Structure formats: structure tokens, C-alpha cells
Amino acid sequence: MSLVILLTLPMWWVGEVYGQNNFSRQDTLRGSITEERAWWDLNYYHLEVEVQIADSAITGKNLIQYTVLEPGKTMQIDLQKPLKITGISQDGENLDFIREGSAFFVKLNKRQVTGDVNKVVVEYFGRPVVADNPPWDGGFTWTTDSNGKPFVATSNQGIGSSVWWPNKDHPYDEPDSMRISITTPGDLMDVSNGRLERVDEHRDGTKTWNWFVNNPINNYGVNINIGDYVHFGETYDGENGALTLDYYVLRENEEKAREQFKQVKPMMEAFEYWFGPYPFYEDGYKLVEAPYLGMEHQSSVTYGNGYENGYRGRDLSGSGWGLKFDFIIIHETGHEWFANNITYADVADMWVHEGFTNYSESLYLDYHFGTQAANEYVQGLRLGILNDRPLMGTHGVYHRGSGDMYNKGGNLLHTLRQVADDDSLWRATLRGLNREFYHKTVHSTQVEEFISNSFGRDLSRVFDQYLRDTRIPTLEYAFRNGRFTYRWGNAVRGFDLPVDVTLNGKETRLYPTTSWQRLGIESLDNNNLTVDPNYYVGSFDLLGR
């Protein structure tokens, strides 16, 4: 998800922090690649939904096209209560199914032959969960604009996309493309992912907005946005040619949006410099006003930050630099590279989304305001780090790591940038990640190994320290009899992060490990050491000087 909370945790983290991993059968069905999921590979969805605003209800169906990887007889499809499936069919034949919580197990009558491409159609209806605190506690948001017109949206990363549509609700498998057809009252517009193909007008006065996504898409990134929108746009001359930038905002906010959204082009310039080409040129880029703070829906980024800079007008870093940009525009768009292009294959690896995107804010500042601004910003975010539990969650049971995945994840990357010691290497690494894992789902270990290989050094113990441990590594040292003695303390065994220091007035790089090392120095009356503050580490003079 897209947001940083410094003093409170999203509700779907609270139980994990204080409940301590009491996993249920539903956690396993949601978070694991079950036998009923493993045998088939998603190709395509066609999701059709009629939104009945007066009743806060929906009626819909989803065509699921898949390739058979190995013969299977039972398929798992997910849909959360209180929504109900009214029928599932294949080749016109109704299929039997049973429900276990949010998982539906469908008995297939047709022989599933390896390599075959088949389809099932799932029909459903009901009143979906209303979002209590979107986007964290997600679902549907039903509200109105200042003119009394309906203003409706979905957001569902934490709760899962199956809160409003039936699908294979696990991040490891994405469709190669998708069609989204949303029916609304005739005086309203739906904005969803991809490009608008056509609008169908019906005799009852409703309209169906047909959108097509040309690229793989993670299911939590699929969205509905319904409102009295006005549209304007522009074109950005990017690395892969002309990129359309489309903006959909409430009629009452058009003037403010035209001014605030001037930040989009400079942002694209910065992000393409650091990360490589925008990953979805075929689908374009959209910024869509929503009745909540915002989220990283693929090619349909939602926005609700009040048309002001900062995070609801606040600088999360306390450095002053956070007021130089609109947090939601910058952060949520950063997710187009890290979340939508490179997507976690298990939510336990969610730091890959949030750590890199948190650091995209700093890189935006670096590009437009300089390295010192970027440094001060990311250092300021350390005040929000709790070190309550590891950034990595538990695999296979839909369990996230600590909310520190934002600020601590960004500070881990800032530390690695110092290790690179050459911004050309750092930039090549970030661009290389987006090229190597283009439109793919990944595990954290793949990202970690790629960075190690790019740097030409084994960083595994560094990642273990920051991702799988809660301690802040501390450079322990002492000056005695013309010798400088030092090591990493408060660290995992074998932790070997290089670190830049100023030692007796001279800048130098040390290569500490968790074993003591000694360095001969000129003995001074006032020996001193200062660690470069861009490293997220502590330091401690063992002799207390």
C-alpha cells in the first residue's frame, strides 16, 4: 500500500503486531499456493460489474481464462462475504462448488489437458464490504461530492481484491491482460485501469465503461472510480516515446487540479532517470481523484491529498523538504515501478513495494533539489521507525512484516546507496531491477541477490540485518595506545557492512565485521570518530570518551 503512518498502524497490522502470528485455516487458504491454485496459470480476466449506487450493491461476472499447467480437477476461486456466487460455468455447463470461508472450490467436469487454454465464468452479487478506513481497511467507499453527486471507489490492498470481485486472490499469478466493464448511472463516469475502449449506452439510461489493460496487472491494483469527473490531459516525451498523462477530477476541483498536477511531468522525468522507462506505456498513466487519500492502482493512480503539498499538508520527515512535493502524487506513482511492474509474489515480501517506493521520494528530491535535500529527507524519516518486528513477514499465510517497511526500508536502500559509492552504479542497479523483473512477480531473495550481484559483493548478511532482525547495527570502537579497535555490535553473525567515517579528521571507509579489528593510528589527545549520517547505523565509544 502506499502510505506512511508515523503514530498509528493500519488495522490489518495491529493484530499481527500484538496477536503474534495465530494463523488460521483461512490465512493459509488466502496466503499459500494451494493445490487448487497451482495447476493453472492465469491468462486473462473480463470483469463486468453493474454498480447499483442507490442500494450500495453490485451485480457482476468474471470470465477467467487460464492455461492448464498440469491436470487438475478442482479450482480455487476467492470471493469474500457477504458477496455470493450465484453460478460458475465452463463451456456453458454449470459446475458444482463448495464454499469454505472466502475460498470456493469448483469441481471441473471437463478434462483439463496440459497446455490447453480454458475459461470459466463466475457470476455473483451482493452488498460488498464498506471500507472503514480506506485504503487501509478497504472495500467500497460510497459518498457524494459537494454537489450531491455520487462519488464511489474501491480500495483493497490490505483486505484483498476478492472483497468485491471473484478471482485468483494470490499475488504470485497475474493475468497477461484484462478487460474491465463497469456499468454506472448515465450522468456519471467510471475510470478504471488501462485505456477506455468504448462507452455503451443502454435504454435504461445507464452506461457501461469498457477499459482494457494491455499488460499484466496485480489483482489489488484493479479499481473502480465513479463520479462526476471532468477530464484533461497532456503528453510526456519519455524514454519510450509519447506517454499519455490523463487526469480525472471532480468538476468542482478542476482548477486546483490543473495547478497541482503540474508536478507529474517533472516527476516522470525523475523516475525515468532513476528507474527506467515508465512500465505501462501501452496503458498510459492516469491520476484519478478518489474519496480517500490515494493508492497505487496500476495505470489508474488514485489521488485524495487535498491538492496540497506534503502528506495532507504535513512534512513526514520534519526536514522541510517534504513540503516541496505532493506526497500522494510522488509516492503512489513510484509504485508503478515498485509494486505494479515488480510485484511481490507473497505479501511477506511487501517491503519490496514500500521500501523502494518510500525511497523514490528521496530520489525525486535528489533529481530536482540535490543530494543534500534527499539526504536530509530520508534521515528525517528515521523518527518514524519503530523497530518493533522484522520487515519480512511469514510466507504462505498472508502475513506482512512491520510497518517499518516504509521508512526503514527506505533507509536500508539509502545505506546501500552509500555502499555503492558511485551513483552511476546505484542508478544502474535500480534500472536493472526494473529491466530484469519487468512485469514479473518476485520474492525478496531475488531482489537481494540481484543487488548483491550488481554491487559485486555478498550483501546477504546486510539484508538479513535490516529485513529479518530488529536491531540497529552499532559500530563499537575504542582508542587505546595508538590503536583504533572496532567491530559491528548489535548485529547478526557475519554482518559486514562497509561504512564511511571521519576518523581523527580524515574521511575513510572501514570494513568492519562482527569480529574485532585493529588499525594503527597516530595517537592524539582528542581521538574522535564520526559515522556518516547517511548510514542507518549507531556508534558507541566503548571507553565512553
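Predicted model: local features only at pLDDT ≥ 70, side-chain atom pairs only at ≥ 80, totals over all residues.
The side chain of Lys286 carries a charge, and yet Lys286 is buried and takes part in no salt bridge. The nearest side chain of opposite charge belongs to Asp246, 6.7 Å away. A polar atom of the Lys286 side chain does, however, lie 2.6 Å from the backbone oxygen of Gly194. Leaving aside residues up to four places away in sequence, Lys286 touches several others, among them Val191, Ser192, Asn193, Trp211, Tyr248 and Ser299.

The peptide bond from Lys81 to Pro82 is cis, with omega near 10°, and Pro82 sits in the loop between strand 3 (74-78) and strand 4 (84-90). Another cis peptide bond joins Pro134 and Pro135, with omega about 5°; here Pro135 belongs to the loop between strand 8 (117-126) and strand 9 (139-144).

Ser56 has a phi of about 50° and is found in the loop between strand 1 (40-52) and strand 2 (57-68). Asn387 has a phi near 50° and lies in the loop between helix 8 (371-380) and helix 9 (407-420). Ser56 is partly exposed, at 26% relative accessible area, whereas Asn387 counts as buried at 18%.

Side chains of opposite charge can pair when their charged atoms come close. The structure holds 23 salt bridges. One of them brings together Arg25 and Glu100, at 2.8 Å from N to O. This pair links distant parts of the chain, with Arg25 in helix 2 (residues 25-31) and Glu100 in strand 6 (residues 97-100), 75 residues apart. Arg25 is partly exposed at 48% relative accessibility, and Glu100 is partly exposed at 29%.

Asp228 and Arg251 form a salt bridge too, their closest N and O atoms being 2.9 Å apart. Asp228 lies in the loop between strands 15 and 16 and Arg251 in the loop between strand 17 and helix 4, so the pair ties together parts that are 23 residues apart in sequence. Asp228 is buried at 10% relative accessibility, while Arg251 is partly exposed at 47%. Finally, Asp500 pairs with Arg509 at 2.8 Å, and Asp500 is buried at 18%. Shared partners also join Glu448, Arg461, Asp464 and Arg468 into one network of salt bridges.

Key
Residues numbered from 1 in each chain as written. Heavy atoms only, no water. Buried < 20%, exposed > 50% of the residue type's maximum accessible area, 1.4 Å probe, protein only. Lys, Arg positive; Asp, Glu negative; His and termini not counted. Salt bridge = Lys/Arg side-chain N within 4 Å of Asp/Glu carboxyl O. Polar contact = N/O pair within 3.5 Å; in protein donor to acceptor, adjacent residues only side chain to side chain. Contact = heavy atoms within 4.5 Å. Helix = DSSP H or I, 4+ residues; strand = E, 2+ residues; numbered from the N terminus.
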